[in-house]
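Visitor: I have a new structure to look at. Can you walk me through it?
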Amino acid sequence: MSLYYRWKNFEEDEDRPEKPRRFGVTEMRGPNHTLLTQNVLQDIFESMGQFVDGLKFSGGSHSLMPKSFLKQVIDMAHQHNVYVSTGDWAEHLIRKGPSAFKYYVEECKQMGFDTIELNVTSLEVPEDTLLRYVRLIKGGGLKAKPQFAVKFNKSDIPIGSDRAFGAYVPPPPRSTELVEDVDLLIRRAERCLGAGADMIMIDADDLCKHADSVRADVIAKVIGHLGLEKTMFDASNARASEWFVRQYGPKVNLFVDHSQVMDLECLRGCNLGKNHNSVLGSSYFLF
């Protein structure tokens with residue numbers, strides 16, 4: 001029986017097991033655009049701790065905080081069985097050379113971080129170098145979470161019946177060079193998993209921005225190759241979170257803002273979350 005809410009029993013419910021979980025993971029955004037004080041985080045962990053699996057310091061926000069404060073936050077998270085992940089920051093260290101990145105891994109381990117995220121798009125390194133960084137993180141006793149992005153312009157989204165299953169590469173002329181070859185993304189992600197990566201983060205922010213015409217086949221192909229358990233999606237808004245849960249069930253791994261945790265859990269367990277269908281209907285994703 002849950003120690004938090006007697007109406008929520010992970011042993012009886014079929015959505016997902018108690019923490020630590022391998023699927024149905026909810027990773028929460030830490031201080032980034034707004035400042036989250038220790039008191040706010042403490043309130044979240046005490047009231048919704050069983051629903052929060054991870055805490056991520058997005059955008060390198062941890063680099064701006066005093067180490068003493070950061071250590072207190074990490075220790076607080078661990079007391080509630082919440083892992084702590086870095087955000088987009090490793091790529092800044094890599095520019096200073098391999099030794100700087102190795103020192104960064106050691107420092108993260110010393111501070112108590114559990115996971116280091118690697119923004120593959122920002123790294124701009126050869127694939128073999130990326131795999132070496134993954135192994136370096138694993139060798140340092142931490143979990144590795146490479147992040148890949150699916151990017152495109154709204155004008156590049158095919159309409160009507162012009163939706164083919166597979167890599168999203170629309171026919172020329174294209175309005176942007178940001179179109180992501182999903183097949184290439186999958187191959188690189190698979191190699192990262194083979195090198196020891198624990199989870200693949202998919203930044204589908206562009207998909208979420210244009211959620212009314214999202215390429216659901218792109219998401220399906222990524223999950224089909226990498227597996228639901230090894231894939232986490234950045235659900236940048238509540239409508240996107242609802243869509244992922246309705247399409248793939250409570251076992252999908254999602255990264256959300258702290259304000260979405262309760263709504264997401266209601267969607268996962270009892271389907272009591274807010275109804276966003278007035279804006280985001282499932283009919284948009286059928287082909």
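Guide: Start with a definition: the expected span of a helix is 1.5 Å times one less than its number of residues. Helices (H or I, at least four residues) and strands (E, at least two) are DSSP runs, numbered from the N terminus. The model is predicted: local features need pLDDT of at least 70, side-chain atom pairs count only at pLDDT 80 or more, and totals for chains, interfaces and linings use all residues. Residues are numbered from 1 along each chain as its sequence is written, and side-chain values use heavy atoms, leaving out hydrogens and water.

Visitor: OK, what span should helix α6 have?
Guide: Helix α6 covers residues 127-139, so its 13 residues should span 18 Å. Its end C-alpha atoms are 18 Å apart, which agrees.

Visitor: Which residues of α6 are buried?
Guide: Thr129, Leu130, Leu131, Tyr133, Val134 and Ile137. Buried means under 20% relative accessible area, with exposed over 50% and partly exposed in between (1.4 Å probe, protein chains only).

Visitor: What follows α6?
Guide: Glycine 141, with a positive phi near 85°.

Visitor: And α7, what does its buried side pack against?
Guide: The buried residues of α7 pack against α5 (120-123), α6, β5 (143-149), β6 (200-203) and α9 (216-226). Val182, Leu185 and Arg188 are among those buried in α7. Just after α7, glycine 196 has a positive phi of about 120°.

Visitor: New topic. At what angle do α1 and α2 cross?
Guide: Roughly 5°. The axes of α1 (residues 38-48) and α2 (residues 67-79) come within 10 Å. Axes are lines fitted to C-alpha atoms, for helices over the stretch in contact, and angles run from 0 to 180 degrees between N-to-C directions.

Visitor: What does that make them?
Guide: That angle makes α1 roughly parallel to α2. Angles under 35 degrees count as roughly parallel, over 145 as roughly antiparallel, 65 to 115 as roughly perpendicular and the rest as oblique.

Visitor: Which residues of α1 and α2 make the contact?
Guide: Gln38, Leu41, Gln42 and Phe45 of α1 meet Phe69, Gln72, Val73, Met76 and Ala77 of α2. Contact means heavy atoms within 4.5 Å.

Visitor: Now strands. Which way do the residues of β8 point?
Guide: In β8 (residues 253-256), Asn253 and Phe255 point one way, Leu254 and Val256 the other. All are buried.

Visitor: In which sense do β1 and β8 pair?
Guide: Parallel, over three bridges. Two strands pair if DSSP finds at least two bridges between them. Methionine 28 has valine 256 of β8 as its bridge partner. Strand β7 (residues 231-234) also pairs with β8 in the parallel sense, over three bridges. There, aspartate 234 stands opposite phenylalanine 255.
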